[in-house]
Structure formats: structure tokens, C-alpha cells
Amino acid sequence: MTTRFNLFDNEVSVRFAKRFANAGLVIHQSSLPTSTQELVSLRASQINGCGWCIDMHTKEALAAGESAVRLNLVAAWRESTVFTEAEQAALALAEEGTRLADAHPGVSDETWDEVRKHYDDDQIAALVSLVALINAANRLAVIVHQRGGSYETGALAGWAG
């Protein structure tokens, strides 16, 4: 599989990406823990098969101090002992919010109640926005076959602002 279209070489897509990065900056600057942000982004990207985003969020999480053990277990978080109850609630929200076509009612009341138990309103706003944003990013990269493996930590840091 080769990249169909380089989103980083086109004026329109670069302008869009900068605005997209600004939306991401709002989430990044929220009180939602960075580790939770990266775990959620990684899990949604795994579900969507987005190699570019899996590569990016794995590397960014490692650079932010996340352990390799936890990153390796994200895909099997329900069968793992390394995630807090709050992280499990966020990962469940990420999965149900990503698999909308598979889960007719969307996010279950049980998952929503767990999220409400562990996060305040600002963190919930950031979490819901993050699930929407990472799913959009996954679709952009998957549509054009933006492949994983070449991302360098911090490469997109200067895009927002």
C-alpha cells in the first residue's frame, strides 16, 4: 500500500491541518490527563486501523513518560491490570464512541455513568471532543493511506497556535 496523497504537501490540507491542530490544542491544554489523552487516541486509532495515528500516539505517549507495558496492553485493556478505573472508563467511552455503527445506541448508560464518576465537566468535554477529533484524524489518514512508521516525536507540535 502506498500513500495516495500527501496531506502535508498540499496548501489546502495544510491549512486545514493547522486549524485541526488548534482544536487539538484546546484538548491538550485541558485538565484531562495527558496519559489518558494518549491512551484514548491510541485505542481509537487501533480500532480504525490507522497506522499513522498509532505510530504518532505511541511515540508521543512514550515521550510523555508512558510505559511500554501499558501501551502494549491498550488493545486488551479489559484483560489488563495496569489501567485505573478512570482510564478504563475513558477507554470504554473511546471504544463505544468509535464503534458507533456497531453499537446502535452509541455510548451506553453504564459507560457514561463510569465516565461521570471519574471526570469533571471540563474533562468530560475534553474527552468527548478528543474521541471525535481522533476519529476524524483516523479517517483523514486512512483515506489517503498515510502509513505509520516515520513519525518523529513532536513533529506536529508547532502546527497549533
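Phe16 and Phe20 lie four residues apart in helix α1, and they are therefore separated by about one helical turn. In this predicted model, the two rings form a tilted aromatic pair, with 5.6 Å from centre to centre and 35° between the planes. Phe16 has a relative accessibility of 44% and so counts as partly exposed, since that class lies between 20% and 50%.

The structure holds three aromatic pairs, and another of them joins Phe8 to Trp52, again tilted, at 5.7 Å centre to centre and with 45° between the planes. This pair links distant parts of the chain, because Phe8 belongs to the segment before α1 (11–28) while Trp52 sits in helix α3, 44 residues apart. Phe8 is partly exposed, with a relative accessible area of 30%, whereas Trp52, at 12% relative accessibility, counts as buried. Ring pairs also bring in Tyr151, which forms a cluster with Phe8 and Trp52.

Helix α3 (residues 51–63) leads on to helix α2 (residues 34–48): their axes come within 9 Å and cross at roughly 160°. Angles over 145° count as roughly antiparallel, and α2 and α3 are therefore roughly antiparallel to each other. The contact is made by Glu38, Ser41, Leu42, Ser45 and Gln46 of α2, together with Cys53, Ile54, His57, Thr58, Glu60 and Ala61 of α3, and by class it has four nonpolar, five polar and two charged residues.

Finally, Ala90 is found in helix α5 (residues 85–98), and at 1% relative accessibility it counts as buried. Beyond its neighbours within four places in sequence, Ala90 is in contact with Thr36, Val40, Tyr119 and Leu127.

Note on methods
Residues numbered from 1 in each chain as written. Predicted model: local features only at pLDDT ≥ 70, side-chain atom pairs only at ≥ 80, totals over all residues. Heavy atoms only, no water. Axes fitted to C-alpha atoms, helices over the stretch in contact; angles between N-to-C directions. Helix = DSSP H or I, 4+ residues; strand = E, 2+ residues; numbered from the N terminus. Parallel < 35°, antiparallel > 145°, perpendicular 65-115°, else oblique. Contact = heavy atoms within 4.5 Å. Nonpolar A, V, L, I, M, F, W, Y, C, P; charged D, E, K, R; others polar. Buried < 20%, exposed > 50% of the residue type's maximum accessible area, 1.4 Å probe, protein only. Phe/Tyr/Trp six-rings, centres within 6.5 Å; stacked < 30°, edge-to-face > 60°.
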